[in-house]
Each structure stands twice: as structure tokens, then as C-alpha cells.
Amino acid sequence: TDYLQEKIFTSLGVNITMGDIVCMFKSDGTTPRNILAFFPVFPGTHKYSVEVVRRTIDQFPGVFVPFLNPPGECKQDDMENCSQTVDAPTLDEMLSIQPGLFRGYGEIGLYGHADGPRPLAPNSPRLQAIYPVLRKHGIKKVFFHLGEGQKSAFDEVLKANRDITFIFHGDQLVPKNDDGSQDLSQIDELLQNNPNAYYGVDEYWMDTFLLHENGSKEQVLDHLSDYGPLLEYDLANWKPFIERHPDQVLWDTDRGTYLWATDIEVGRALVKYARRFISELDSAVQEKYAYKNAERILGN
């Protein structure tokens, strides 16, 4: 297909392998252990997709914590019924293929697309039917990328499902203040009121979105060439927030699916900056934010 020929996206077995991904983390200086990984499982070919996950876990034991990421089917002539994720019966079928293989469900992007699915609220009928299916299969971890205006709906779901751990990220609930700073009040309130909510911070680098389809290795390296202004902005916005919620905030890499974003130099640059940022946090919070919260949440 065109997108593979253009070498924009990664495609497992075509232009990247699981071994390449493990090597990428090693080259970043990150210990390849307990990496939260979103494995896509597609309707119609889900038996093959699940088999890929099983083989990955067998080949690289202890490296990945597999989350099931099942995109919904979107047909150009039926966009009204297009959704970000499969329905509950299809999910139940997917999880029944290899019982106990998956540790979580997600990442599910709940924001909408102009030429795709509309926003899906966390308390929508589709997702309300999915939470019991997850319980049936012993899955108590969910990862969402919320959409704009979904704070109240998410708060409702968090309170109604205290036995499920919800991890979320994304800037849809982080608007800009008049002075250019980031308004964290919505996610602040969600964490304060819900002990089963956790936030992954990936809005680094002065809130500049670098890992996108039209980005490049050169743009990332150039943007990270001077830490001074980046650290000043990021620490002012995120340090107080992280230290207010030392047990509920995670370092989130969110490397994405763009082929250039798996470049070794890009990975080293991103991790080096993140470690510099972490070194400025309170010493009692650093290890929690860097990896201990994630290990505790995922049960490792």
C-alpha cells in the first residue's frame, strides 16, 4: 500500500520486527522490562493478531505487558456506525482465544476524527457494555486517550468502576491559559477525586507536538538541542502537578507508529531529556514517576 511505500508508518513484519523494538529500547538506555505495549487486534483477522502477541510474549518473556488494542471497523459507506473500538461481543471473542494473555485494554482514543469515528464518551453504551467483559476475563487495566469535554463522563466511569485501574493521557483536557501555560485543573481534579485514575505525562518539550505524521528526526533533534527554555517551561507546568500526585503520575514516552520515531538517535534524545526533567523532581518522587508507579499498577 502507499503508506508502506512512503515508509511513514511502522508495519510489523514489513518494515519493523518485535526484535527491532526491543533493540530500540536497549539503545535508548531503557531497561526492556515490563513495557506497556498496545497490540492491535483487528476484527476479522483477530486469531492471527492474537497469535502474533502470544509469540511475542513467548520470545521476549518479561519485556512487554500486553494490552489489547482492538480498533473498530470503519466502512466508507457506513460512517454512522464507525467506532474507535469493537463492540462487547467481538471483544469477548478476542479475549477468549488465548485466556490470560492480555493484561489490559487500550489504548483507545476517545476523540473523534473528521473522516472517521465520532468522539466516544467513556460512559457511552458501547464502553459501558465492555467493562463487564473485561471483568469476565480478569482484566482490570484500561488505557484511554480522552477527548475534549469528557471530564465529567470519565469521572462518572471512574467512580462506578473502582475495581478497574484507568490510565489516561493526551492534552484534550489540558487547555492553554492566556499566558501560554498549561491548565492542569481538570486532570488535577480527576486524580484527586479518583484513586483508580493515573495520568501519563507526554506533553513535554514546551508542549510542542513532535511525534506526528509530518514530523522528522531532524525536527526532534533540533528542538531538543537546547534544554534551557524547554526545562523552564516543562518544570513550571508539570513539576508541581507530579509532586501533588506522586503515586498517580507516570513517565509516558508515547513513541507512536511513525517509522522515523523508532530511530535510535530520536529515542536517545527523548529519553535523555526526560531523565534531565526527572532529575529536577523532588528526590522522593523521582523513582515513583520514572518507573515504580508503573510497576505497581501493572502488578510487577
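**Close-up views of a predicted model**

**View 1. Helix α5 and what lies over it.** The cover over the buried residues of α5 includes α4 (88-97), β3 (104-109), β4 (141-145), α6 (151-160) and β5 (165-169). Which residues of α5 are buried? They are L127, I130, Y131, V133 and L134. The helix takes in 12 residues, 125-136, and at 1.5 Å a residue it should span 16 Å; its end C-alpha atoms sit 18 Å apart, which agrees. After α5 comes G138, with a positive phi near 75°.

**View 2. The seven-stranded sheet.** Here the strands line up as β1-β2-β3-β4-β5-β6-β7, making an open sheet with parallel pairing. The edges belong to β1 (35-40) and β7 (249-251); each has a single partner strand, so one side of each has no neighbour in the sheet. On average, neighbouring strands are turned by 30° against each other, ignoring direction.

**View 3. Strands β5 and β6, with α6 packed on the sheet.** Zoom in on β5 and you'll find three bridges joining this strand to β6 (residues 197-201), the two running parallel. Across from F166 stands A197 in β6. Helix α6 packs on the sheet, where α6 touches β4, β5 and β6. The direction of α6 makes about 160° with that of β5.

View 4. Side chains of opposite charge can pair when their charged atoms come close. How far apart along helix α6 are K159 and D155? They are four residues apart, which means a separation of about one helical turn. K159 is partly exposed, with a relative accessible area of 40%.

View 5. R244 and D188 pair up here, with 2.5 Å between their closest N and O atoms. R244 belongs to helix α9 (residues 227-244) and D188 to helix α7 (residues 185-193), so this pair ties together parts that are 56 residues apart in sequence. Is D188 buried or exposed? D188 is buried, at a relative accessible area of 14%, while R244 is partly exposed, at 47%.

**View 6. K217 meets D263.** In this salt bridge the side chains of K217 and D263 come to 3.5 Å, N to O. The pair links distant parts of the chain, 46 residues apart: K217 sits in helix α8 (residues 217-223), and D263 in the loop between β7 and α10 (264-278). K217 is partly exposed, with a relative accessible area of 21%. D263 is partly exposed too, with a value of 24%.

**View 7. A network of charged residues.** What if salt bridges share partners? In this spot, E51, R54, R55 and D58 are joined that way into one network.

View 8. In α2 (residues 18-28), the buried residues are M18, V22, M24, F25, S27 and D28. Which elements are among those covering them? The cover includes β1, α3 (46-59), β2 (64-69) and α10.

Methods
Residues are numbered from 1 along each chain as its sequence is written. This is a predicted model: local features need pLDDT of at least 70, side-chain atom pairs count only at pLDDT 80 or more; totals for chains, interfaces and linings use all residues. Side-chain values use heavy atoms; hydrogens and water are left out. The expected span of a helix is 1.5 Å times one less than its number of residues. Buried means under 20% relative accessible area, exposed over 50%, partly exposed in between (1.4 Å probe, protein chains only). Contact means heavy atoms within 4.5 Å. Two strands pair if DSSP finds at least two bridges between them. Axes are lines fitted to C-alpha atoms, for helices over the stretch in contact, and angles run from 0 to 180 degrees between N-to-C directions. A salt bridge is a side-chain nitrogen of Lys or Arg within 4 Å of a carboxyl oxygen of Asp or Glu.
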